[in-house]
Amino acid sequence: MTAHSPAPLIVADDLASLSPVTGPEEDTVTLVAETPQPRVRNAVDIVAAIGCLVLVVLICVGVIYAQHTSEGISADVRGFSLLVRRVLFVPVAVLDFLVLVVPPVAVGLDLLIRRHPLEALQAGIAGLAGLIVNTLALLALTTFAPDVLREGLSVWQGSSFVIAMPFWAAAICSLLTVAVTPAKRVSVRWSWNLLWIVAAITVITSGATLQAMILSLLLGRMTGHIVRYIGGVASQRAQGRTLVEGIRQAGFLPRSLTPIEPGTDDRAPGRQTPQFFGDHRLYVLKTITGATYDVVVLDGDRQVLGFLTRLWRYIRFRGIDGRTTASLRQTAERAALLNYSARSAGVNTPSVLALAEAEDSMLIVREPTTASRTFAELGVEVLEDDLVDDILDAMWHQIRRAHRASIAHRALTADVFRIHFVSDPATGEATRRSEVTVLGWEAGDVASSELARRLDLVQMLVLTCERVGVDQAFAAAERALSDAELAALGPLLQLPALPARARAERARTQEILSQLRLCLARDMPTATVEPVQLTRISVRSIISILLVAIVILVVATTINIDQIIAAVRDSDWRWAVAALLFGGVGLFGAGLTLVAFAPVRLPFGRAVAAQVAAAFVAVAAPAGFGPAAVNLMLLTKRKVPTALAAATVALTQVSQIVVTVVFLLVLTLVTGSGVIGSLTVTPGMLVVAIIVALAVTVVLIVPSTRKWVAARVLPTLQQTWPRFVEVVASPARLAAGIVGNLLITLGYAAAFQASLLAFGQEIPFVTATIVYLLGNTAGAVVPTPGGIGAIEVALSAALVSVGVNAGVATSAVVLFRVVAYWIRIPLGYIAMRVLRRMGEF
């Protein structure tokens, strides 16, 4: 490329300007069919607004539960009050007036002088919105906040304490948050400085507490980000002349620059879009020398969502996604590094030629690919021909080259493989010889781990199965991989190991994975096909943690600590020991039920030990799932087929539900309406009952939800029915199972009654039994591990409804859960170790 003086720019910004621009070719640049976006909505604004809201909640929680620390910090800050008042020659009220007037006027005039009236209007709206949000928050705190929170946010004014949340702090912070775009200006910077100074002086001089000032600033910041997202901000993307200047900075003199819209035909040279850049812009660049290149433009406003998605998968899964990049420049530099590394390893991929930065965008100039089709676009005439084996072998060869250099792709789909059929030099017609190009290395990893490379192989195997079938794809994998390498893929044949596009077609992909496991088991009987654990955390575990935290927060803010301490001081330890022993009866009953329903001979002692071990497993599983998992492992270890073992476990659970319901009905009929009538129906209980009734009604009326419930309930009933018929044929086993279930219910009910007696609370045993059954059932509905929190709240509420003091009820429930759940966790760990040593697990 020869040196050339800068050429004048002629930019066509609309679809009507597609005709060539007249003028000397070497002095003309035409940007074809590009419609600049004057305003964009940045996802980072939503993320920032959510972050501010979270901080607001955390500060309120800190004021409530760290009251003394908060007061100490405020006192230390106010210790400077006398010194500041001596130094400060301007009254604080004057400073408040200045910060309320100067920033809006300065920023507004600056925006209007620079001819940005829309930004000026948006900044004014943001300031007004911040004022309104701060006023509403102040009203809500004054009306609904607990006393300790109001005290932590109040200062002495006149003759009383009032919550001081300066409205000007929220309004100005919101205004400046919006006014920071389209460029950081001197007026905005100095307005921020003025805001910080006045806020600090206000806190020091006791005009507001530190916590209240921070709340106002956070509310203003949150409001500003919301206004920015709704109204959009001036685009900082490289467009038009800025984009062309960026290309020139990269060392290329463009004659034309054509944007490639998503969904357009990309078989022509230079129009192949890597999967990783699907959310960014692609252009075809033609220089004054006639050369053609690809220009990939990465925009900063699109960076945050991709970063958060990769960060979430990096946290959630082991080895699934590579290192996350924090900035746009790092993303572009990483793309160049992966490209250079792949080409050095001998992989056929377009070379990155230059990087450049323009506005809030990074430009990547790379070689164009030859005219080709993706592997997903290959027609039936190719896939049914013998040529497909050569294509598959070439694809595997490219990936194996990268792996030998410790490079992992991490995002292999059928779209990243481009197939080019070589033309005959004499006739110009396509021949049977093909070349494979691999795109999308930007999401990969250099110096990758063994796990990352195995995941590549799994993705490769699945994507070829989607196009040519399992048998032919598996045969190609056998040609490319050794037996050990192929066998090592078995545990990784699962959805989390695949790219998003494959995971989206869940049903089809699951079927392919099942067929691949069968192929591995057929050709390699010793290979392990049981999936390994790839997830670190799951959405369910996060929800469970949040539910437990909310329940603990509710319980901690509503119970009477003094009553609990008094109840513990007056409790009878003998009844506590009795509660522990009665709880053990329930374990014997669960072991007896399992022995009665098991299709093989099961030692009673080991069955009971398994129920103790289930307490340890229940720590990480919702209520009722721990015993089911342990019983299933115990049966399958004794060579019981998995389907039969699952049916047996389902039968034990269904029988326990049936026996419990029948027992509750019998108690109700025997005792009459006195016990049930003693249960006080609170408004909260009535609301919950109405919600449950409406939910059941919706499930039964809506066809989709009815099918969803049937798909999960009917298989269990279908599994259970054959085992139930077999058990009914043996009256002794049926009776033993019923007795075992009764022992479970009576044992726990007796433990619950003993826990009440330990605190001197006497209620009829029938009443205690009904309260236990209703409360335990309601609490078990919430999917927290072991029912933690939910069962405690439900049992306490049920006791209060029959007239038990709230503090005593909480103490009795805590004691019951200690003897029936918490104390069993270490015992369950010991039982698990013993059973494992005995070969049962």
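## Basis of the model

The model is predicted: local features need pLDDT of at least 70, side-chain atom pairs count only at pLDDT 80 or more, and totals for chains, interfaces and linings use all residues. Residues are numbered from 1 along each chain as its sequence is written, and side-chain values use heavy atoms, with hydrogens and water left out.

## Overall make-up

The protein has 33 helices and 14 strands. These elements are DSSP runs numbered from the N terminus, with helices (H or I) of at least four residues and strands (E) of at least two. Of the 841 residues in the protein, 45% are buried. Buried means under 20% relative accessible area, exposed means over 50%, and partly exposed lies in between, with a 1.4 Å probe and protein chains only.

The protein exposes about 41,000 Å², of which carbon and sulfur atoms supply 66%. Such areas come from the Shrake-Rupley method with a 1.4 Å probe; for residues, only the protein chains shown count as cover. Among contacts (heavy atoms within 4.5 Å) with a separation of 6 or more, 73% are between residues 24 or more positions apart.

## Helix α12

Helix α12 covers residues 328-344, and its 17 residues should span 24 Å at 1.5 Å a residue. The expected span is 1.5 Å times one less than the number of residues. The end C-alpha atoms are 25 Å apart, which agrees.

The buried residues of α12 include Leu328, Thr331, Ala332, Ala335 and Leu338. An α-helix has 3.6 residues a turn, so residues three or four places apart point the same way. Just after α12, Gly346 takes a positive phi of about 95 degrees.

## A nonpolar surface patch

Ile46, Ile50, Val54, Leu55, Leu58, Ile226, Tyr229 and Ile230 form a nonpolar patch on the surface, with about 690 Å² of accessible area together. The elements that give two or more residues to this patch are α1 (43-65) and α9 (210-231). Helix α1 supplies the largest share, five residues. Patches are made of residues with over 30% relative accessible area and no salt bridge; like charges are joined within 9 Å, and nonpolar side chains (Val, Leu, Ile, Met, Phe, Trp, Tyr) within 5 Å.

Ile46 lies in helix α1. With a relative accessible area of 34%, Ile46 is partly exposed.

His409 is placed in the loop between α14 (387-404) and β13 (417-423), and its relative accessibility of 0% counts as buried. The side chain of His409 reaches the backbone oxygen of Leu439 at 2.8 Å. Leaving aside residues up to four places away in sequence, His409 touches several residues, including Val416, Trp441 and Asp456.

Arg453 lies in helix α15 (residues 450-468) and is buried, with a relative accessible area of 15%. A polar contact of 3.0 Å joins the side chains of Arg453 and Glu450. A polar contact is a pair of N or O atoms within 3.5 Å; within protein, one must be able to donate a hydrogen and the other to accept it, and residues adjacent in sequence count only if both atoms are side-chain atoms. Ser801, in helix α31 (residues 790-801), is buried at 4% relative accessible area. Ser801 and Val771 are 30 residues apart in sequence, and their C-alpha atoms are 9.3 Å apart in space.

## Salt bridges

Side chains of opposite charge can pair when their charged atoms come close. A salt bridge is a side-chain nitrogen of Lys or Arg within 4 Å of a carboxyl oxygen of Asp or Glu, and by this rule the count comes to 15. Arg281 and Asp299 meet in one of them (2.7 Å, N to O). This pair links distant parts of the chain, with Arg281 in strand β8 (residues 281-287) and Asp299 in strand β9 (residues 292-299), 18 residues apart. Arg281 is buried at 11% relative accessibility, and Asp299 is buried at 0%.

Arg366 and Asp294 also meet in a salt bridge (2.9 Å, N to O). Arg366 lies in strand β11 (residues 361-366) and Asp294 in strand β9, so the pair ties together parts that are 72 residues apart in sequence. Arg366 is buried at 4% relative accessible area, as is Asp294 at 0%.
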